[in-house]
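Please look over this fold with me.

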Amino acid sequence: MINKEIGEIFDFISETNLTEEYFYNHQGCYPVYSGQTEDEGIIAQIDTYDQDSPCVTFTTYGSAGKLYYREDKYTIGRNCMGLRPKEEYKELINLEWFVFHFQNLFYKLRIGDPKGQKSLNKMLLERVEIEIPKLEVQERHLSKYKQLYTIIAELREIEKEIDEQ
């Protein structure tokens, strides 16, 4: 079990500030993840990438605190940051599990107007102590989380069908 501050377990990955002009002139196949929550946070597809290993991204402004698991090749864009386990913890943390397990904590940590835009940043997160169980426990929990989210998605579909009638 790991019981440490987020900043001791993870490296923070800062955003790359790209412009709309850059997106237009460098169209490609690599996603740029931003702080938006539509389309899984993808704001553009470009011909280069900054990251090529798994991480967790979180929205830093607006819908602050929304977590996503990322893999493959990508760039972290505006209003978004990444968390990548430090070398000694890479094999001890299932990042998909982390997203499910700590989503509510990240929402609770954001600051700002209760009725308006919220923010969340490295300073707010790095000193927060978290507990991460053994990998086997994470994987067992992840399986349960996925089952739960499948049921929730099915219920939303049923609700949508009812609303359309």
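This is a predicted model: local features need pLDDT of at least 70, side-chain atom pairs count only at pLDDT 80 or more; totals for chains, interfaces and linings use all residues.

1. Residues are numbered from 1 along each chain as its sequence is written, and side-chain values use heavy atoms, without hydrogens and water.

2. Start with the four-stranded open sheet. Its order is β2-β9-β5-β7, with antiparallel pairing. β2 (10-13) and β7 (67-70) are the edge strands, each pairing on one side only. From one strand to the next, the twist averages 30°. Strands here are DSSP runs of E, at least two residues; helices are runs of H or I, at least four, and both are numbered from the N terminus. Two strands pair if DSSP finds at least two bridges between them.

3. Now zoom in on one pair. β5 (residues 55-59) meets β7 in the antiparallel sense over four bridges. Threonine 57 has tyrosine 68 of β7 as its bridge partner.

4. A second open sheet has three strands, in the order β6-β11-β10, again antiparallel. Its edge strands are β6 (61-62) and β10 (111-112). Two bridges join β6 to β11 (residues 118-119).

5. Is isoleucine 162 buried or exposed? This residue of helix α5 (residues 135-164) counts as exposed because its relative accessibility is 54%. The cut-offs are under 20% relative accessible area for buried, over 50% for exposed, and partly exposed in between (1.4 Å probe, protein chains only).

Technical notes
Axes are lines fitted to C-alpha atoms, for helices over the stretch in contact, and angles run from 0 to 180 degrees between N-to-C directions.
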